[in-house]
Amino acid sequence: MQFFWAFVVGGAICVVGQLLMDVLRLTPAHTMSTLVVAGAVIDGIVIGNKSLYERFIEFAGAGATVPITSFGNSLVHGALAELKTNGAIGIITGIFEVTSAGISAAIIFSFLAALVFKPQG
């Protein structure tokens, strides 16, 4: 059942992104930014002792951690965690501490893809 909900939730997030591009005519960059901000806002909503996005991850698993909304969640989650331990400077360092592996991987694999494939334009 866990695989089913991960598939449904991940697919639903992708459907929302596709609708933003098709119905609202947003560019892919605007759609991506909207989904990142949505993930960040949802992580900022705290119910009890857990954020709404943490509860969402518990329910959907990879369906909530793989899409781009999870990047916004990671940004806010890292910033808030470091804010509690290091104060205001933790906001900046927390963002990079949690997301540095993903950003580094994106840069490295983009560079490797540019070496292998001929870019157009």
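A salt bridge here is a side-chain nitrogen of Lys or Arg within 4 Å of a carboxyl oxygen of Asp or Glu. With that cut-off, a search of the whole structure turns up one salt bridge. The structure is a predicted model, so local features need pLDDT of at least 70, side-chain atom pairs count only at pLDDT 80 or more, and totals for chains, interfaces and linings use all residues. Residues are numbered from 1 along each chain as its sequence is written, and side-chain values use heavy atoms, with hydrogens and water left out.

First, the overall picture. The chain's secondary structure comes to six helices and two strands, where helices (H or I, at least four residues) and strands (E, at least two) are DSSP runs numbered from the N terminus. Along the sequence, these elements follow the pattern α-α-β-β-α-α-α-α. Taken along the principal axes, the box filled by the C-alpha atoms is roughly 50 × 35 × 30 Å. Of the 121 residues in the chain, 25% are buried; buried means under 20% relative accessible area, exposed over 50%, and partly exposed in between (1.4 Å probe, protein chains only). Contact means heavy atoms within 4.5 Å. Among contacts between residues at least 6 apart in sequence, 45% join residues at least 24 apart.

Next, the helix packing. Two packed helices are described by the angle between their axes and the distance between the axes. The axes are lines fitted to C-alpha atoms, for helices over the stretch in contact, and the angles run from 0 to 180 degrees between N-to-C directions. Angles under 35 degrees count as roughly parallel, over 145 as roughly antiparallel, 65 to 115 as roughly perpendicular, and the rest as oblique.

Helix α2 (residues 28–44) and helix α5 (residues 69–86) have axes that come within 6 Å and cross at roughly 45°, and the two are therefore oblique to each other. Their crossing is right-handed; a crossing gets that label if the near helix is turned clockwise from the far one by less than a right angle, and is left-handed if anticlockwise. On the α2 side, L35, V36, G39, A40, D43 and G44 do the touching, and their partners in α5 are T69, F71, G72, N73, L75, V76 and H77. Sorted by class, this contact has six nonpolar, six polar and one charged residues. For the classes, Ala, Val, Leu, Ile, Met, Phe, Trp, Tyr, Cys and Pro count as nonpolar, Asp, Glu, Lys and Arg as charged, and the others, Gly among them, as polar.

Helix α5 also packs on helix α6 (residues 89–116), at an angle of about 140° and with the axes 6 Å apart. That makes α5 oblique to α6. This crossing, too, is right-handed. From α5, the contact draws on F71, S74, L75, G78, A79, E82, L83 and N86, which meet I89, G90, I91, T93, G94, I95, E97, V98, T99 and I103 in α6. The class tally is nine nonpolar, seven polar and two charged residues.

The axes of α1 and helix α3 (residues 52–60) come within 8 Å and cross at roughly 130°, which makes α1 oblique to α3. W5, A6, V9 and I13 of α1 make this contact with F56, F59 and A60 of α3. By class, there are seven nonpolar, no polar and no charged residues.

Back to the salt bridge. Side chains of opposite charge can pair when their charged atoms come close. The pair in question is E58 and K50, with 2.3 Å from N to O. E58 counts as exposed, at 53% relative accessibility, while K50 is partly exposed at 30%. K50 sits in strand β2 and, leaving aside neighbours within four places in sequence, is in contact with I45, R55 and E58. K50 and G94 are 44 residues apart in sequence and 18 Å apart in space, C-alpha to C-alpha.

Two further residues round out the picture. N49 lies in the loop between β1 (46–47) and β2 (50–51) and is exposed, with a relative accessible area of 69%. N49 and M21 are 28 residues apart along the chain, and their C-alpha atoms are separated by 35 Å. M21 belongs to helix α1 (residues 2–22) and is partly exposed at 28%. Not counting residues up to four places away in sequence, M21 touches L26, T27, P28 and T31. M21 and M32, eleven residues apart in sequence, have C-alpha atoms 9.9 Å apart.
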